[in-house]
Amino acid sequence: GATLLERGPLAGLREAIQKGIKAGFGGLGNLPETVSFDHHLTAVYEVSAGENSATIERYFVTGVFSAFKFSETPYPPTSVDVRTDLKFISPRIDWPFEPTTQDVLHRLENESTVTYEVRAVMTDPAEATYSMQIRRKG
């Protein structure tokens, strides 16, 4: 069924919150970073090749990186390494797809590209942001 944010007197509130969050990110100056995000689509079996072919689509999204606190363990619980895991927070209104734990994020650090695997994806009740637990690959 529809949530309170989708019907009744609160209809349209989700969109207003999402736009407000987007505007708030714009006010953070140079803190938000643009990263490339590889979205892994469901593999399709190709009869002619006799194998599964996975499709990866690359998108560019903006967000903020922060430390991941142990008290912020995502649901469902995954192992959080507070020494190395980061949180990537991004306005959901910018995303043309829903990220999954099959996806990877590429960030420019000290003139080198660093790849992170997505360990968990969370959203707030208004679905205004994605918060991802990410871990450096390798």
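Author: Before we start, one definition: a residue is exposed if its relative accessible area is over 50%, buried if that area is under 20%, and partly exposed in between. Also keep in mind that this is a predicted model.

Reader: OK, so is Glu-111 buried or exposed?
Author: Glu-111 sits in the loop between β6 and β7. Its relative accessibility is 79%. Since the cut-off for that class is over 50%, Glu-111 counts as exposed.

Reader: What is the phi of Glu-111, roughly?
Author: Most residues other than glycine have a negative phi. Glu-111 is not a glycine, yet its phi is positive, at about 65 degrees.

Reader: Which loop holds Glu-127?
Author: Glu-127 is another non-glycine residue with a positive phi, about 55 degrees in this case. With a relative accessible area of 27%, Glu-127 is partly exposed. Its place is in the loop between β7 and β8.

Reader: Which residue does Glu-127 form a salt bridge with?
Author: The closest N and O atoms of the pair are 3.7 Å apart, and the cut-off is 4 Å, so the contact counts. The partner of Glu-127 is Arg-92.

Reader: How many residues apart in sequence are the parts that Glu-127 and Arg-92 tie together?
Author: At 17% relative accessibility, Arg-92 counts as buried. Glu-127 comes from the loop between β7 (112-123) and β8, while Arg-92 comes from the loop between β5 and β6 (104-109), so the pair ties together parts whose separation in sequence is 35 residues.

Reader: Which helix do Glu-15 and Lys-19 both lie in?
Author: Glu-15 and Lys-19 form a salt bridge, with 2.9 Å between the closest N and O atoms. Glu-15 is partly exposed at 45%, and so is Lys-19 at 47%. They are four residues apart, about one turn, and both lie in helix α1 (residues 13-26).

Reader: Let's do rings. Are Phe-37 and Trp-95 stacked or edge-to-face?
Author: The structure holds six aromatic pairs. In this one the ring centres are 4.8 Å apart and the planes are at 85 degrees; over 60 degrees is the cut-off, so the pair is edge-to-face.

Reader: Which strand holds Phe-37?
Author: Trp-95 lies in the loop between β5 and β6, and the pair ties together parts 58 residues apart in sequence. Phe-37 and Trp-95 are both buried. The strand that holds Phe-37 is β1 (residues 33-40).

Reader: Which residues do ring pairs link into a cluster?
Author: Phe-37 and Trp-95 are an aromatic pair. The cluster made by ring pairs consists of Phe-37, Tyr-59, Trp-95, Phe-97 and Tyr-130.

Reader: Whose charged end sits over the ring of Phe-65?
Author: The charged end is 3.7 Å from the centre of the Phe-65 ring. Phe-65 is also one of the residues that touch the most other members of the largest nonpolar core, which has 15 residues. The charged end over the ring belongs to Arg-107.

Reader: Is Ser-131 buried or exposed?
Author: Ser-131 is in strand β8. Leaving aside neighbours within four places in sequence, its contacts include Phe-88, Ile-89 and Val-121. Its relative accessible area is 17%, and the cut-off is under 20%, so Ser-131 is buried.

Reader: Last one: which element has the highest mean pLDDT?
Author: The mean for the protein is 82, and 84% of its residues reach 70 or more. Strand β2 (residues 44-46) has the lowest mean among the elements, 70, and the highest, 93, belongs to β5.

Methods:
Residues are numbered from 1 along each chain as its sequence is written. This is a predicted model: local features need pLDDT of at least 70, side-chain atom pairs count only at pLDDT 80 or more; totals for chains, interfaces and linings use all residues. Side-chain values use heavy atoms; hydrogens and water are left out. A salt bridge is a side-chain nitrogen of Lys or Arg within 4 Å of a carboxyl oxygen of Asp or Glu. Helices (H or I, at least four residues) and strands (E, at least two) are DSSP runs, numbered from the N terminus. Buried means under 20% relative accessible area, exposed over 50%, partly exposed in between (1.4 Å probe, protein chains only). pLDDT is the predictor's confidence in each residue, from 0 to 100. Rings of Phe, Tyr and Trp (its six-membered ring) pair if their centres lie within 6.5 Å; planes under 30 degrees apart count as stacked, over 60 as edge-to-face and the rest as tilted. A charge sits over a ring if NZ of Lys or CZ of Arg is within 6 Å of the ring centre and within 35 degrees of the ring normal. A nonpolar core is a set of buried Ala, Val, Leu, Ile, Met, Phe, Trp, Tyr and Cys residues joined through side-chain atoms within 4.5 Å. Contact means heavy atoms within 4.5 Å.
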